[in-house]
Amino acid sequence: MKQRISTRTVVIGGLAVALLLAAVVSYYASGSPDGLERVAENLGFAGTAGEHAAGDSPLADYGVGGIGDARLSGGLAGVIGVLVVGIVMVGLTRLLRRSNSDSTED
């Protein structure tokens, strides 16, 4: 007989894996430019790019402002990103669940 795995267990496990990847694996991320930046450099128009609107935000450029160690900053930014997405996901799930229970009561 197969034992069912609860949705809560799957969500918590997925969140743990995402946090581990964000915190640890990002430490080994390449410091080389990404594909778009590389193409811009190869074609000679990389210097024409301007700063984006969120360039002054605390999490700009895959890092946390004020932390000097780039690898620590990148890992911390990843962890913050995972937590923000998790909070949004939980909030939306609760809203949808409430919406469904309200519509079934009518």
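A contact here means heavy atoms within 4.5 Å. Among contacts in the protein between residues at least 6 apart in sequence, 42% join residues at least 24 apart.

The model is predicted: local features need pLDDT of at least 70, side-chain atom pairs count only at pLDDT 80 or more, and totals for chains, interfaces and linings use all residues. Residues are numbered from 1 along each chain as its sequence is written, and side-chain values use heavy atoms, with hydrogens and water left out.

**Stop 1: the whole chain**

Show the chain as a cartoon. The protein has three helices and zero strands, in the order α-α-α from the N terminus on. Helices (H or I, at least four residues) and strands (E, at least two) are DSSP runs, numbered from the N terminus.

Switch to the C-alpha trace. Along its principal axes the trace spans about 60 × 35 × 30 Å. The radius of gyration is 20 Å, whereas a compact globule of 106 residues would have one near 13 Å. That radius is taken over C-alpha atoms, and the globule rule is 2.2 Å times the number of residues to the power 0.38.

Of the 106 residues, 11% count as buried. Buried means under 20% relative accessible area, exposed over 50%, and partly exposed in between (1.4 Å probe, protein chains only).

Colour by charge next. There are 8 positive and 10 negative side chains, and the centres of the two sets lie 18 Å apart. Lys and Arg count as positive and Asp and Glu as negative, while His and the chain ends are not counted. The place of a charge is taken as NZ of Lys, CZ of Arg, CG of Asp or CD of Glu.

**Stop 2: the annotated spans**

UniProt positions are given in the numbering used here, feature names are shortened, and annotations may be inferred rather than shown by experiment.

Then select residues 9-29 and 72-92, listed by UniProt (unreviewed entry) as "transmembrane region". Residues 9-29 are 71% helix and 0% strand, and their end C-alpha atoms are 29 Å apart. Residues 72-92 are 100% helix and 0% strand, with end C-alpha atoms 30 Å apart.

**Stop 3**

Select D61, in the loop between α2 (35-43) and α3 (70-105). D61 has a positive phi of about 60° although it is not a glycine. Is D61 buried or exposed? At 61% relative accessibility, D61 counts as exposed.

Move to Y62, in the loop between α2 and α3. Phi of Y62 is near 60°, a positive value in a residue other than glycine. Y62 counts as exposed, at 74% relative accessibility.

**Stop 3: along α3**

Select S73, in helix α3. Which residues does S73 touch, not counting those up to four places away in sequence? They are Y62, G63, V64 and I67. S73 is buried, with a relative accessible area of 6%.

Finish at S101, found in helix α3. S101 is partly exposed, at 31% relative accessible area. Draw a distance from S101 to V82: the two are 19 residues apart in sequence and 28 Å apart in space, C-alpha to C-alpha.
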